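Please look at the sequence and the fold first.

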Amino acid sequence: EEDGETYAGPGGSACTPHAPEAYALMKSLCAVPLSRFTPEVMSLALFAWTWVSTSAPGWLAPLASRSAAAWAWSVDRHMGLFSGPRGHPKGTGIDAEVEAAEEAEAEAAVGASNEDERQARLLGGLACHHTWLAFFTELWDTVCDRTDAEHSAVVQTLLHMLQHSLAHPERLSSHPAAAAPRFRLLLLALRFAGQRAAALADAGSPVPVALVLLHDRVVKAGLTWFLHAPAFSGHLTQRQSEEQHAAVADFVALLEPLCTKPGSWPAWPTGGPAPAYTPGLHGRSTLENALSARHGGSKPPPAAHPVWGTSPVSTPEAAQLLLFLCRREADRLQVWARPVSGPYGAAAAATGGAGALPAGAREWEGLLQCAWRVDPQLAVAITARFPGVSAPREVLTKLLASNAWDPAVQALPGAAMMLATPEAAAAKVPALAALATWAPGQAMEGLELISSPAAKHPAVKAYAVRCLENTPPEQVAFFLPQLVQSLRADKGGQIADALVHMARASDLFAHQLIWALMTEERPPHEAFNPEVKRSGWQPPRDFGLWEPSTKLRERVLAALAPASRAYWEDEAGYFDRVTSISGILKKIDKDERRGAIAVELQKFSPPRSDLYVPTNPDCRVIHHINTSGTPMQSAAKVPILVAFKVQQDPLGRPATTAGHAASTSTTPGTSNGATTAGGLHRVEGGLDASAVGVQVAEHANGSAGNAGAQQQQGQVGSVAPAGPSRTLACIFKVGDDVRQDVLALQVISLLRDAFARCGLPLYLCPYGCLPTGYERGIIEVVPNTKSRAALGELSDRGLHDIFQAEFGAPGSPGFEAARRNFIASEAGYAIASYLLQAKDRHNGNLLITDSGHLVHIDFGFILEISPGGNMGFESAAFKLSHEMTQLLDPGGGRASATWQQFEELCIRGYLAARTVAEPIIAVVALMAESGLPCYGRGQPVANLRNRFRLDLSERAAAQLMRDMINDAYQKWTTGFYDYIQALQNRIPY
């Protein structure tokens, strides 16, 4: 360089005299992304590689070689696209040292990263591989038509790189955001193999085995994408979502001719030179004799296919199956990417935009048989993708029945769900006995089986119980209201035994279980002859749980260790004493009630320092605030509001009997830590000193002084402690059944977790609610909110004007942030309201947070019941009043960007909700005999299933939701109901 001399490098290109140094520099340049695997670094690397290939064409082959080597390094270390379905699988030929290093790195990262950070790293890795594939695709486009030595070198490089990438398809990520890089990789491999095979055929040369192998690996890797349930990703930008669809659509366009033209798929060579050894001419070898002896003299198993193993899979048949699935997948991803602007209409909705489904059982049988030969899990997953079609389920049931004892099949909990059908249980199919050794699922699967008529079969019920026992007790506690209901049919006592076992393992579970059982026990004597009988009062009825609940509660208490028993007595006794204050206020004059509450609260304090708030087990009670007690008038009942000084400390929650802190309680099957046990729904953030207003989450049958809660907040906020402690307020009720609220909040929690898994910004706030006895319960105050009715008492302005006064002028950062929050919450509650059929949505039951979010409370009318003697006046799927549309749709033309955002969120939210349809249906079905008012008429469970419309494709479901949005837009019945409430109950609107 100092002499200014240059020499000819590879291919005659110019380079410095130090060619080894230049090569080392290029090698380092290709390895740069691996040191920091982020989209930004990968984009810079791609720019550098492109510059090198353009400025020095002779370095193209070495550049391709080193880049492919770096790619292989990322494959072996399970980065990005090769991170596996849930991390990399063990025992797949991965270097043990690499596994150990990764495990050490993961352990070091514990505590330093959370789920969001891991999600961001994975999405970044997928984006890196997607960008990288663009480089390889452009590289192949550059050299594919050439015939020089450089072409041969690049061909060998790409062949090795593609074979290495697809050799273990189980390494490929199953994350919903991985569709674009996966199918771009498959597209490149299929293009490369097809063009090389065509070039060799034109030259009169046979297709080498390596290319046939690559074709087969493409098909296998494509089918493994469908081993898992369909999912969506809202973490992607619009452009990335469009690319998801485009990648699959482009792959379909390339695969289709190979599947439709006879003889297009390359076949394995059958001719060639005579083998050097044959048993007929040379006798059996020592190895063959050993294998024969090992198999009892029988013929040894046939040699395994390098892709399909010992299964008799026909690659062209598997390719047809892949084409069918990819067509549906492309349509599904297009609907997700363009929920509003995509092609709709009767024809598109009917077919799903991807062509007709197989017409008859014979066609479905062919598809399912092929899928079964590829992998039984694939057959199970395909059946789950078409829940509204009976033919694939019937075929799969037969396959499962005939292969029920196969260890590979028994390793699939999802297969057990398909085998344990009501029809199989009624027919007493012998294969159900195999459930005794089947791999158990989680609590969600157990609950679905318990809610099914199939649970009458002993083997099915035993398997359902094993699923419950396979889940941490703190997660099972979420379903305690349903499990307690199942006790009426627990003739053999398996469910009761499992609950006692889990109560021994976790004090938190034991506490929630005892409260749930006390709610269903025989009511106290005064409940049969109350002093004040409300309109329509009827004496309590036994729905079959009074005796089972009492017996199980006694068993649980007897099973607790002395220390655990004492802990329960202190926890329950303290909060019972707070709740009992509500019962003594009825005989006190209204003007004296607040003072009476303060006097009662001064008489006692927490008996120990590790008590927790029942609706929020993470909150350790320091003390209650004596001056915070507020009576809240509700007909003959007097619920009270009491605030507590608490410390948010997971270690303050009850320890298990083993001495360990109970793990964070979540909705089973999720990683979201915001849902607690036993129908408890924790409100994150609590009530802090900065709160400007609080709205009480009230029950439907009580109008419970919303304005009083606002006034009370002023005193609570004034005593909010400093430091790590904070103030949390709860309402204690006597004389109200809050179980129906718990049911609604359970459904809302499941929906919220489904939205979170899909990465959707939809907002739902399932506040804390816990029944603690017959018509007794605790409801956690929703922090930092005011009801829309309370806002109307202060001014007759609409929501748009209120937002403008609170957050600034339209277009300002504050206003637009609040508008986005309102859109996200209105869309979330639109889905929840439609599925629950939540009625009585007047402005007293709608809260507005100090950040602009909407929160629904008061779920006294859900499923089949509505106010006014079930007259069903609120006919819209959800509330979308005129003042709401002023915020959502400025100008009122349904053409604004914010309105399109709302529509997109509603449609995507509905599609995401359908992925948790079965758990939600099971939760609702198990409460059907509880005596709750929402089951008093109609067919609530069947109609709930109908609202999910699982028989529709994603495209048809999207069109259905769009129609409901348009129908709800400023519907006259919505406005007229608000008008009636204003006249009758003086609720502003």
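Which residue is the bridge partner of Leu846 in β12? The partner is His856. The model is predicted: local features need pLDDT of at least 70, side-chain atom pairs count only at pLDDT 80 or more, and totals for chains, interfaces and linings use all residues. Residues are numbered from 1 along each chain as its sequence is written, and side-chain values use heavy atoms, with hydrogens and water left out.

**The three-stranded sheet**

Helices (H or I, at least four residues) and strands (E, at least two) are DSSP runs, numbered from the N terminus. Two strands pair if DSSP finds at least two bridges between them. Here, three strands form an open sheet in the order β10-β11-β12, with antiparallel pairing. β10 and β12 are the edge strands, each with a single partner, so one side of each has no neighbour in the sheet. On average, neighbouring strands are turned by 35° against each other, direction ignored.

The two pairings are set out below.

| Strand pair | Sense | Bridges |
|---|---|---|
| β10 (residues 785-787) and β11 | antiparallel | three bridges |
| β11 and β12 (residues 854-856) | antiparallel | three bridges |

β11 and β12 form a hairpin with four residues between them. Gly852 sits in that turn, with a positive phi of about 100°.

Strand β11 (residues 846-849) is covered on both faces. Leu846 and Ile848 are buried on one side, Leu847 and Thr849 on the other. Buried means under 20% relative accessible area, exposed over 50%, and partly exposed in between (1.4 Å probe, protein chains only).

Helix α33 (residues 813-836) lies across β11 and β12. Helix α33 runs at about 25° to β12. Axes are lines fitted to C-alpha atoms, for helices over the stretch in contact, and angles run from 0 to 180 degrees between N-to-C directions. Contact means heavy atoms within 4.5 Å.

Ser486 is found in the loop between α23 and α24 (494-505). Ser486 is buried, at 8% relative accessible area. Beyond its neighbours within four places in sequence, Ser486 is in contact with Ile450 and Ile495.

Asp978 lies in helix α40 (residues 972-985). Asp978 also counts as buried, at 5% relative accessibility. The C-alpha atoms of Asp978 and His842 are separated by 5.7 Å, although these residues are 136 apart along the chain.

**Cavities**

A cavity is a set of points on a 1 Å grid over the protein atoms alone, where a 1.4 Å probe fits but cannot get out; lining residues have an atom within 4 Å of a point. Grid points are joined across faces, edges and corners, and a volume is the space filled by probe spheres set on the points. The count comes to five cavities of 30 Å³ or more.

The largest cavity has a volume of about 130 Å³. Its lining holds 14 residues, and Pro481, Ala516, Thr519, Arg739 and Pro771 lie nearest the centre. Two or more lining residues come from each of α23 (480-485), α25 (507-520), α30 (739-757) and β8 (769-773). The lining divides into eight nonpolar, four polar and two charged residues. Ala, Val, Leu, Ile, Met, Phe, Trp, Tyr, Cys and Pro count as nonpolar, Asp, Glu, Lys and Arg as charged, and the others, Gly among them, as polar.

The second largest cavity has a volume of about 110 Å³. Its lining residues include Ala838, Arg841, Glu874, Phe878 and Tyr977. By class, this lining has five nonpolar, two polar and four charged residues.

Terms used. 1 Å grid on protein atoms, 1.4 Å probe; cavity = no way out; pocket = protein on both sides within 12 Å on 5 of 7 lines; lining within 4 Å.
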